[in-house]
Amino acid sequence: MGTDGPKVILAGLDGSDSSWRATAYAAGLARRQGAVLAVAYIQPILAAATALAGAAVEETTQEVAEELLTALREAEVRVREVWKVDWRFLTMRGDAYGGLAKLADELRADAVVVGVSEQAGHKVIGSVAVRLVKAGRWPVTVVP
């Protein structure tokens, strides 16, 4: 956004191993660049089939968000003596691509970091990472 180095790096976190690696990679980038690390968990939208169990599913996705935030805080405590990163945790409901794109635009993110998809179906219909890259609005790093 017309600056010397990134100011905000957005990392997508869903609890998968690849998303944790992506978050760690983004944290290293943020530390080295003096950027803010925004870690985002996009809570899935209910499918029509689960609409009847809506409250239970919504409560579960909120619990996942709280568990991820707790894990991030614990990780921060473990590495506090080595380095510090200015970070924030964001969560919203929506589809992963749409949520990350919206947050990247709102935050004016200079980079987006996500993990490679671990779902087999994404080889055919496209992953969140591929959709972010194809959007061409931010530099996107996909971490294996």
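The accessible surface of the protein chain comes to about 8400 Å², and 55% of this area belongs to carbon and sulfur atoms. Such areas come from the Shrake-Rupley method with a 1.4 Å probe, and for residues only the protein chains shown count as cover. The model is predicted, so that local features need pLDDT of at least 70 and side-chain atom pairs count only at pLDDT 80 or more, while totals for chains, interfaces and linings use all residues. Residues are numbered from 1 along each chain as its sequence is written, and side-chain values use heavy atoms, with hydrogens and water left out.

Of the 144 residues of the protein chain, 38% count as buried. Here, buried means under 20% relative accessible area, exposed means over 50%, and partly exposed lies in between (1.4 Å probe, protein chains only). In the protein chain, 76% of the contacts with a separation of 6 or more are between residues 24 or more positions apart; contact means heavy atoms within 4.5 Å.

The secondary structure comes to five helices and five strands. Both kinds of element are DSSP runs numbered from the N terminus: helices are H or I runs of at least four residues, and strands are E runs of at least two. Along the sequence, these elements follow the pattern β-α-β-α-β-α-β-α-α-β.

How are the strands arranged? In general, strands of a sheet pair through backbone hydrogen bonds, either parallel or antiparallel. In this model, five strands form an open sheet in the order β3-β2-β1-β4-β5, with parallel pairing. Strands β3 (87-93) and β5 (140-143) stand at the edges with a single partner strand each, and therefore one side of each has no neighbour in the sheet. On average, neighbouring strands of this sheet are turned by 25° against each other, direction ignored. Two strands are said to pair if DSSP finds at least two bridges between them. Angles run from 0 to 180 degrees between N-to-C directions, and the axes are lines fitted to C-alpha atoms, for helices over the stretch in contact.

The chain passes from β1 through helix α1 (residues 17-33) to β2 in a right-handed β-α-β crossover. This term applies if the path from the first strand over the helix to the second runs clockwise, with the strands pointing away from the viewer.

Which strands pair with β1? Five bridges join β1 (residues 8-12) to β2 (residues 36-43), and the two run parallel. Within this pairing, Leu 10 stands opposite Ala 38, and Gly 12 has Ala 40 as its bridge partner. Three bridges join β1 to β4, also in parallel. There, Ile 9 stands opposite Ala 111, and Ala 11 stands opposite Val 113.

Strand β4 is mostly covered, with five of its five residues buried. Ala 111, Val 113 and Gly 115 point one way from β4, whereas Val 112 and Val 114 point the other way. Four bridges link β4 to β5 in the parallel sense, and Gly 115 stands opposite Val 143 in β5. Helix α3 (residues 96-107) lies across β1, β2, β3 and β4 (111-115), running at about 150° to β2. In the loop between α3 and β4 is Arg 108, which has a positive phi of about 55° although it is not a glycine.

A polar atom of the Ser 19 side chain lies 3.2 Å from the backbone nitrogen of Gly 15. Leaving aside neighbours within four places in sequence, Ser 19 is in contact with Gly 12, Leu 13, Asp 14 and Gly 115. Gly 34 lies in the loop between α1 and β2, and its relative accessibility of 65% means that Gly 34 counts as exposed. Gly 34 and Pro 6 are 28 residues apart in sequence, and their C-alpha atoms are 8.0 Å apart in space.

Definitions and conventions:
A polar contact is a pair of N or O atoms within 3.5 Å; within protein, one must be able to donate a hydrogen and the other to accept it, and residues adjacent in sequence count only if both atoms are side-chain atoms.
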